[in-house]
Amino acid sequence: MPHPTRDHVAIVGAAESPYTRHPGAGTTTAGVLRDAVVRALRDAGLEPGDVDGLGVASFTLGPDHAIDLAWRLGLNLRWIMQDTNGGASAGGMLQHAVRAVEAGDASVVVLVAGDAMDKTAHTELVRAYNQATVDHLAGLPMTGPNALFAMLTQRQMAAWQLDRKDYGDLVVAQRAWAGLNRGAVYRAPMTLAEYLDAPLVASPLGRFDCVPPVTGADAVVVAAEERATGRRARVLAVTTAYNADDQAGDGIRTAVATCAPAAWDRAGVAPADADVISVYDDYPAMVLSQLVDLGVTHPGAIRAVIAEQISTRRLPVNTSGGQLSAGQAGAGGGMHGLVEVVQQLRGRASGRQVEARIGVVTGYGMVLYRHGSCGNVAVLEAVA
């Protein structure tokens, strides 16, 4: 059975290297990762010399690896890892970092994820994402996972009796949060009519249902609580699940459903205790699936939850605007949600701050063939 974190491990710093749709000449993946690390350490009140652990997730860092980035950053380490699981990489790295600090293998661990994701890099990524893509999908007249998640959304609409307006209400609500986030790429207010009138990409998905690729990076600093110089986000639980359905499920139920019960049990709190939630939002359907998988709601109530709680901000979900409005910085997509919840719990979400003691973050990602195969849940607590 999983045990509670013993040594009060916390996230003591968090930061984002600014997202942009159009990176300037000379922008590199190593450069945005470095910028995020520097900002996170500054936020934590720590120096590079304090760091003895590093975790990295990136699609475009190659031919370099985590050790190359450590060398470029001038870090002398006792612990290092590189995670390849896309939207689930933040939670996976956090789980390992917490265990490393508990075991004494490292004392201060920086976790960083992101990419320089211009049009060329994005095209190359989706064309050769994995062998299943190369063998079965690359030759079809489709771009990336849009068509796969269009079919998944169709299944969810039929099973849960939803329509495009329901997804539109969610997207519009997240855009309203983005309007309060100076770091979001898309901040202009959106109406439901604008959402519904947007060009279709792969029915029923329209332009605003698909995450915009951006360049940027996110980082957090994990350490024993005594290293914090102020408010921190204590890690109550991190649980993960990989290949939970062997790609034989309908995709509506994610791996989050497999690992969420243990997360709540380990943290000693319930879904109703969550004050702020970040769920991985590559598509609106996945936001709804993960809210159900977390136990926050159930399919029969999801329409009312959107209208009465998410749209009214009674339930703060994806308060950064989520990736749908803030942007998806490649492998940094999952870390974006973690950074946002940490900033909310530490009282540093300027312009969009909510009152929060318990925060929840999900990771979801790595489409093996039909849908994402990895999921995780992190439960955090604000500590003064």
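Student: Does Asp-245 count as buried, partly exposed or exposed, and at what relative accessibility?

Tutor: This is a predicted model, and in it Asp-245 has a relative accessibility of 24%, which is why the residue counts as partly exposed; the cut-off that matters here is that buried means under 20%.

Student: Where is Asp-245 placed, and what separates its C-alpha atom from that of Val-51?

Tutor: Asp-245 belongs to the loop between strand E8 (232-242) and helix H9 (256-267), and its C-alpha atom is separated by 38 Å from the C-alpha atom of Val-51, the two residues being 194 residues apart along the chain.

Student: How should I read an aromatic pair, and how many does a search of the whole structure find?

Tutor: In general, one describes a pair of aromatic rings by the distance of the centres together with the angle of the planes. In this structure the search finds 3 aromatic pairs. One of them is formed by Phe-149 and Tyr-283, which are stacked, with 4.7 Å centre to centre and 15° between the planes. This pair links distant parts of the chain, since Phe-149 lies in helix H6 (residues 146-160) while Tyr-283 lies in the loop between strand E9 (276-278) and helix H10 (284-294), 134 residues apart. Phe-149, at 1% relative accessibility, counts as buried, and Tyr-283, at 3%, counts as buried as well.

Student: Which arrangement do Tyr-280 and Tyr-364 have, and which parts of the chain does their pair tie together?

Tutor: Tyr-280 and Tyr-364 form a tilted pair, at 6.4 Å centre to centre and with 50° between the planes. Tyr-280 is in the loop between E9 and H10 and Tyr-364 is in strand E10 (residues 358-367), so the pair ties together parts that are 84 residues apart in sequence. Both Tyr-280 and Tyr-364 are buried.

Student: Which residue lies over the face of Trp-177?

Tutor: That residue is Arg-313, placed at 4.6 Å from the ring centre of Trp-177.

Student: How do I read the packing of helix H7 and H10, and which residues make the contact?

Tutor: Two packed helices are described by the angle between their axes and by the distance between the axes. Here helix H7 (residues 164-178) and H10 pack at an angle of about 95°, with their axes 9 Å apart, and H7 and H10 are therefore roughly perpendicular to each other. The contact involves Tyr-167, Leu-170, Val-171 and Gln-174 on the side of H7, and Pro-284, Ala-285, Val-287 and Leu-288 on the side of H10; by class, it has 7 nonpolar residues, 1 polar residue and no charged residues.

Definitions and conventions. Residues are numbered from 1 along each chain as its sequence is written. This is a predicted model: local features need pLDDT of at least 70, side-chain atom pairs count only at pLDDT 80 or more; totals for chains, interfaces and linings use all residues. Side-chain values use heavy atoms; hydrogens and water are left out. Rings of Phe, Tyr and Trp (its six-membered ring) pair if their centres lie within 6.5 Å; planes under 30 degrees apart count as stacked, over 60 as edge-to-face and the rest as tilted. Helices (H or I, at least four residues) and strands (E, at least two) are DSSP runs, numbered from the N terminus. Buried means under 20% relative accessible area, exposed over 50%, partly exposed in between (1.4 Å probe, protein chains only). A charge sits over a ring if NZ of Lys or CZ of Arg is within 6 Å of the ring centre and within 35 degrees of the ring normal. Axes are lines fitted to C-alpha atoms, for helices over the stretch in contact, and angles run from 0 to 180 degrees between N-to-C directions. Angles under 35 degrees count as roughly parallel, over 145 as roughly antiparallel, 65 to 115 as roughly perpendicular and the rest as oblique. Contact means heavy atoms within 4.5 Å. Ala, Val, Leu, Ile, Met, Phe, Trp, Tyr, Cys and Pro count as nonpolar, Asp, Glu, Lys and Arg as charged, and the others, Gly among them, as polar.
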